[in-house]
Amino acid sequence: MTRLYLEDSYRRGFDATVVASREGACLLDQTVFHPGGGGQPHDRGRLLLGGEPLPVSRVEEDPEGRIWHEVGRDLPPGAGVRGELDWPFRLAIMRHHGLMHVVNTVAREQLGGVITGVQIGPERSRIDFRLPGFTREQIPAHEAAVNEVLARGLAFSARLITEAEFEGRPELVRTLNVLPPVVDGKVRVVEIAGFDAQACGGTHVHSTAEIGRARMVKFDNKGKDNKRFYWELDAA
Ligand SMILES: [Zn+2]
């Protein structure tokens, strides 16, 4: 199964063949549908079977690394389908996902924060840090530092490194308790040119300029050392 979303995050449609079906979900020989993970939600969209649209209500990766597309019906193996992403949703997720890379790096460098969780949404994303001593008064400077990076128009790129190289570079892991996917002994690293590199299996924009301007709209204390930040983006 080819993960087209890892090759080109801007690809919106594809033709595929049904490999297997079970309980209303199907496995395809290739897909642009991201199954979610690492704080990113699964993609939305539809499959077209002979011109009939079937909404994809859920996309899920099983423990064997197969991606199941839930369409509420078992499709015959061998059937040809056309897949189409809900593109406005995906693009919003890619902009927010890119923002989370920038926020976690700025928080680490500027504040010494360790990320403990992230939940990416199309309108608002949430990021949690172990960040003792952070106060509201620091928000404007943090927000300004994030926007300064976004405005630089830095390029995103992805490459695969070996598991052995990965183990020697602990700084590539950002989210505590969440290990990045290892596929065929390789780990995917997403770089922001001249700024940061971290392990990630998600979908991203091409440049920080596409993310635009960001605002921290809410800040919560979650216990003594843990802080929760909510971020939104200006319209593209
Ligand atoms: Zn990422």
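1. In this predicted model, one face of helix α3 carries the exposed residues P140, A141, A144 and E148, and this face is turned away from the buried side of the helix.

2. The buried residues of α3 are V146, V149 and L150. They lie on the same side of α3, because the arc they cover around the axis is only 105 degrees.

3. Which elements cover the buried residues of α3? Among them are helix α2, residues 87-111, and strand β16, residues 214-222.

4. The length of α3 may be checked against its residue count. Helix α3 runs through residues 139-151, and at 1.5 Å a residue its 13 residues should span 18 Å. The C-alpha atoms at its ends are 18 Å apart, which agrees with that expectation.

5. After α3 comes G153, a residue with a positive phi, near 60 degrees.

6. On the scale of the whole chain, there is a division into domain 1, residues 2-85, and domain 2, residues 90-233. A distance of 27 Å separates the C-alpha centres of domain 1 and domain 2. Ten residues from domain 1 and 14 residues from domain 2 take part in the contact.

7. What is the make-up, by class, of the side of domain 1 that touches domain 2? That side has six polar residues, three nonpolar residues and one charged residue.

Methods
Residues numbered from 1 in each chain as written. Predicted model: local features only at pLDDT ≥ 70, side-chain atom pairs only at ≥ 80, totals over all residues. Helix = DSSP H or I, 4+ residues; strand = E, 2+ residues; numbered from the N terminus. Expected span 1.5 Å × (residues − 1). Buried ≥ 20, exposed ≤ 12 C-beta atoms within 10 Å, placed from the backbone. Arc of directions from axis to C-beta. Contact = placed C-beta atoms within 7 Å. Domains from an automatic or database assignment. Nonpolar A, V, L, I, M, F, W, Y, C, P; charged D, E, K, R; others polar.
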